[in-house]
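The sequence and the structure come first.

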Amino acid sequence: MRDLSKKEWINIILALVFGFVAVFFIFKGINPREFFKYFRPRSLFHILLLCGIFLFSILIDSARMKWLFFFVWRKHLSLYDAFFNNYMSFLFSMLTPFYFGGQVFQTYHLSRLGFESENNVNVILSRFVEYLISVAILSVLGLLRYKDLFLSGALIAPKLIFLAYLVSVSFIGVVILALVHPPLIAHLFRMLKKARWVDSMIKKLTKKEDWDSRFLKWTHDLKESVKILWRSGFMFLDFPLTLFSLLIQGFVFYLAVQFSSGNIGFFNGTGLLFFLSLVVFYVPTPGASGGVEAVYQIVFSKILGSGGKTLASVLTWRLSTYYLPIFVGLVFLVFYRYPKEVEK
């Protein structure tokens, strides 16, 4: 089984440090008595319950992957291996800045199981597109409900959050446009390449001189991957299941707020959850640790009207969907064994 590298162990430590430091500084501005009024001993039971519900969403994603391989390529992927694949996607995404590590591990794991690399890439890229579209759809619910929170007033922070959201949605738009009409993307990149400051900035971010040709190749591969799977007809079932999985994750957040005596509608909370998920993506720490706690505390304290209540909700949610699942994932990684037929 693949062991964690030294860098990945460092990322685990950094994720814990950034998260606890953020909570410490948030806690400094809150009355401890108010916080512990909402974060009580039974909150530990709530954390375990919410963690179980969160893992159920990963189980749904695992079933999707198993069914996809069977219906499209008539390949057998056990639910256990599919669950490990999807759980490790979560784990390694949480250990890398900008969430890039999960998809890489998924393709590696599927290849080690003996599945064809081309099919593996098709699955991961297509599911990536489904995820982006689904999150964008759900985030609109949060934007429509709380747009005044980000657009009105003189404070800079809410407007920066909204700007980061627009950048993320623009990227999703570019990906969708690449699927529909790639020549437009090629024309856009030629224009960006001519703007020296844009070209220089993207080179620094990507650390690639030929970033435009690389991204064009990626969008071409992406289009072919999506085309193959959509032609099979299975994606008409898979896409609703993607939304269902994300709604379960939204339900976990909704319950975390309710357990802390907060009052927010399910779709309002879910919409804002995924709206902010497209913003905290830019925090360059493992799993955006620290940044998530800070951003959600700032935004939801204005909605819930109580810093202590908000911190109790955010901490319950993060412990059940981030910190505890990471420890569970590390144990899973240690004890997982490949099927005997692929151990050679």
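## Helix packing

Axes are lines fitted to C-alpha atoms, for helices over the stretch in contact, and angles run from 0 to 180 degrees between N-to-C directions. Helices (H or I, at least four residues) and strands (E, at least two) are DSSP runs, numbered from the N terminus. The model is a predicted one: local features need pLDDT of at least 70 and side-chain atom pairs count only at pLDDT 80 or more, while totals for chains, interfaces and linings use all residues. Residues are numbered from 1 along each chain as its sequence is written, and side-chain values use heavy atoms, with hydrogens and water left out.

The axes of helix α7 (residues 156-180) and helix α12 (residues 266-280) are 8 Å apart, at an angle of about 85°. The two helices are therefore roughly perpendicular (angles of 65 to 115 degrees; under 35 is roughly parallel, over 145 roughly antiparallel and the rest oblique). From α7, I161, F162, A164, Y165, S168, V169 and I172 meet F275, L276, L278 and V279 of α12; contact means heavy atoms within 4.5 Å.

## Nonpolar cores

A nonpolar core is a set of buried Ala, Val, Leu, Ile, Met, Phe, Trp, Tyr and Cys residues joined through side-chain atoms within 4.5 Å. The largest has 79 residues, of which M88, F150, F275, L276 and Y296 touch the most other members. Apart from it lies another core of ten residues, including I26, L311, A312 and L315.

Beyond its neighbours within four places in sequence, Y296 is in contact with residues including F253, L273, L276, V314 and W317.

D61 lies in helix α3 (residues 43-73). Its relative accessibility is 15%, so D61 counts as buried (under 20% relative accessible area; exposed is over 50% and partly exposed in between, with a 1.4 Å probe and protein chains only). The side chains of D61 and R64 make a polar contact at 2.7 Å. A polar contact is a pair of N or O atoms within 3.5 Å; within protein, one must be able to donate a hydrogen and the other to accept it, and residues adjacent in sequence count only if both atoms are side-chain atoms.

E130, in helix α6 (residues 117-151), is buried at 2% relative accessible area. A polar atom of the E130 side chain lies 3.1 Å from the backbone nitrogen of F239. Not counting residues up to four places away in sequence, E130 touches R64, M235, D238, F239 and T242.

## A positive phi

Most residues other than glycine have a negative phi. R74, in the loop between α3 and α4 (79-94), has a positive phi near 55°. R74 is exposed, with a relative accessible area of 57%.
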